Amino acid sequence: MSSPITFSGFNNIDFNTVLNSLMQAASQPLTDLQDRQTALKTQVSQFDTLNSRLSSLRSAADALASLSSVSTVSGTSTDTAVTVATGTGAVAGHYDVVVNELARAQVTASTTTAPDATTTVVASGGTLTIGGVDVAISGDVTLQQLATAINQTDGIGVTAAVIRTGTNAYKLALSSVDTGLANAFTVTNGLTGGTGIAFGANAVNASDASILINNIAATNSSNTFVDIAPGLTLTVSKKDAAKTIGIDVAADSSALSDKVNGFISAYNDLVKFIDTQRTAANNGDTGSIGRDPLLRGLRNSLRTELLGVYGSASLQRLTEVGVEFTREGTLALNQSKFDEAVNTNGDDVRNLFAGTGGAFPAIESLIDGYSQTGGVIPGVKDRLNQQVASMDDQISKMQARLAQQRLAMQQEFTAADAAMSQLKSQSSSLSSIGSGLGSF
């Protein structure tokens, strides 16, 4: 704040009070513009929140939008040595599983040892061929450097590591990247120089997983048998040829119910946000977006999709499986209705949700039209941000003009004060002369 300006001829009145009052009135257009800009910035933030709510809804819809993620059955196992997962096409049934062998990756270790991993030169040239892929050496290498050269070779299908096997004793271990007989490898040693390195028998032989499922033999290069029966995936982790493990697949609505409730929760959060914005707008909050037609359009479009008809199976509406609207416009799940639909007609529930022309792919597409780059919400935000940027320039110019106006007014009143002080001094002099003349 500038130093006080006083009218010496008028009982030392503080002119800053007068100046500040005048400038406050002159600054009102600037204040109004700044308030409008603040409101626009708040609206941008509210659209960010709206987009966040839509993103959550999109994620919840995505969990229901593909047949592979929508299962109306679940599997249980009598032993953790075999775990079960269900997917597209899985049907109720019982399976007896015996694990005869696990899938393993081949491990081959050097038979020679080096006294250290990083100093002793084990080779200075030649080629080490692993699974038909050459690793050429063109200079001195230590055990660790040899391992690095192997790991940096494209398409070799193995990893190399230096293993400390004792005091001053290090070996090179080669392991298949993948399990199974198809990923076994041979080692042909053509390295020369250095202390030398040699390879012998495998520490672990490659093997395929082997099981009996309902007394039918099955093998696999990994321990996960994908779609061993339609929609059924088994993962084995322990072999025991003398033990039979029971796998049961049965209708189960709980997992799907959790996903549906997740979608309902995300939708209701979005509706709550829209209602809050509308209330704020009705209360005169200029920073809300409650009056923007985008919100009404979004809510109406979502409602239309949720009440729409999908597919041609026996279940064509979400309301038929218990996804229902309340009086308040939120969603709720009629659990008994949902459970009955899943337990009696699980395939049609899956197709309604995620099949060709299903409900949730349509909802995803709608949300993307609003929230993705080039969508409605980013477009509105761009327009608002352009207005904010334009106001920055206007505000800067108005502040500069007001600063000049204040300076000019200070100079004018300072000059007036000086003139008045001079007049007062002259008046005092005249009064003194008059008094002197009166004495004659």
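How many residues does helix H5 have, and what should they span at 1.5 Å a residue? That is where I will start.

First, the ground rules. What you see above is a predicted model, where local features need pLDDT of at least 70, side-chain atom pairs count only at pLDDT 80 or more, and totals for chains, interfaces and linings use all residues. Residues are numbered from 1 along each chain as its sequence is written, and side-chain values use heavy atoms, with hydrogens and water left out.

Helices (H or I, at least four residues) and strands (E, at least two) are DSSP runs, numbered from the N terminus. Helix H5 covers residues 293–306, which is 14 residues. The expected span of a helix is 1.5 Å times one less than its number of residues. For H5 that should be 20 Å, and the end C-alpha atoms are 20 Å apart, so the two agree.

Next, which residues of H5 are buried? Buried means under 20% relative accessible area, exposed means over 50%, and partly exposed is in between, with a 1.4 Å probe and protein chains only. The buried ones in H5 are Leu294, Leu295, Leu298, Arg299, Leu302 and Leu306. They cover an arc of only 130° around the axis, which puts them on the same side of H5. The arc is that of the directions from the helix axis to the C-beta atoms. Pro293, Arg296 and Thr304 are exposed on the other side of H5. As background, an α-helix has 3.6 residues a turn, so residues three or four places apart point the same way.

Now the aromatic rings. Rings of Phe, Tyr and Trp (for Trp, its six-membered ring) pair if their centres lie within 6.5 Å; planes under 30 degrees apart count as stacked, over 60 as edge-to-face, and the rest as tilted. By this rule there are three aromatic pairs. Why is the pair of Phe263 and Phe360 called edge-to-face? Its ring centres are 5.0 Å apart and its planes are at 85°, so the pair is edge-to-face. This pair links distant parts of the chain, with Phe263 in helix H4 (residues 254–282) and Phe360 in helix H7 (residues 359–371), 97 residues apart. Phe263 counts as buried at 1% relative accessibility, and Phe360 counts as buried at 1% too.

Another edge-to-face pair is Tyr267 with Phe325, at 6.0 Å centre to centre and 75° between the planes. Here too distant parts of the chain are linked: Tyr267 is in helix H4 and Phe325 is in strand E20 (residues 323–325), 58 residues apart. Both Tyr267 and Phe325 are buried. Phe325 also has a charge over its ring: the charged end of Arg303 sits there, 4.2 Å from the ring centre. The rule for that is NZ of Lys or CZ of Arg within 6 Å of the ring centre and within 35 degrees of the ring normal. Finally, Phe263, Phe353 and Phe360 form one aromatic cluster.

On to the strands. Two strands pair if DSSP finds at least two bridges between them. Three strands form an open sheet in the order E4-E18-E17, with antiparallel pairing. Its edge strands are E4 (82–86) and E17, each pairing on one side only. Strand E4 and strand E18 (residues 232–236) pair over five bridges, and Thr86 has Leu232 in E18 as its bridge partner. In strand E17 (residues 224–229) we find Ala229, which is buried, with a relative accessible area of 10%. Asp227 also lies in E17, and its phi is near 50°, a positive value in a residue other than glycine.

A hairpin comes next. Strand E8 (residues 125–130) and strand E9 (residues 133–137) run antiparallel and are joined by five bridges. Thr129 has Asp134 in E9 as its bridge partner. Two residues stand between the strands of this hairpin, and Gly131 takes a positive phi near 60°.

Last, two loops. Is Asn168 buried or exposed? Asn168 counts as exposed, at 57% relative accessibility. Its place is in the loop between strand E11 (158–166) and strand E12 (169–176), and it has a positive phi of about 55° although it is not a glycine. Ala242 lies in the loop between E18 and strand E19 (245–251), and at 76% relative accessibility Ala242 counts as exposed. From Ala242 to Lys397 there are 155 residues in sequence and 88 Å in space, C-alpha to C-alpha.
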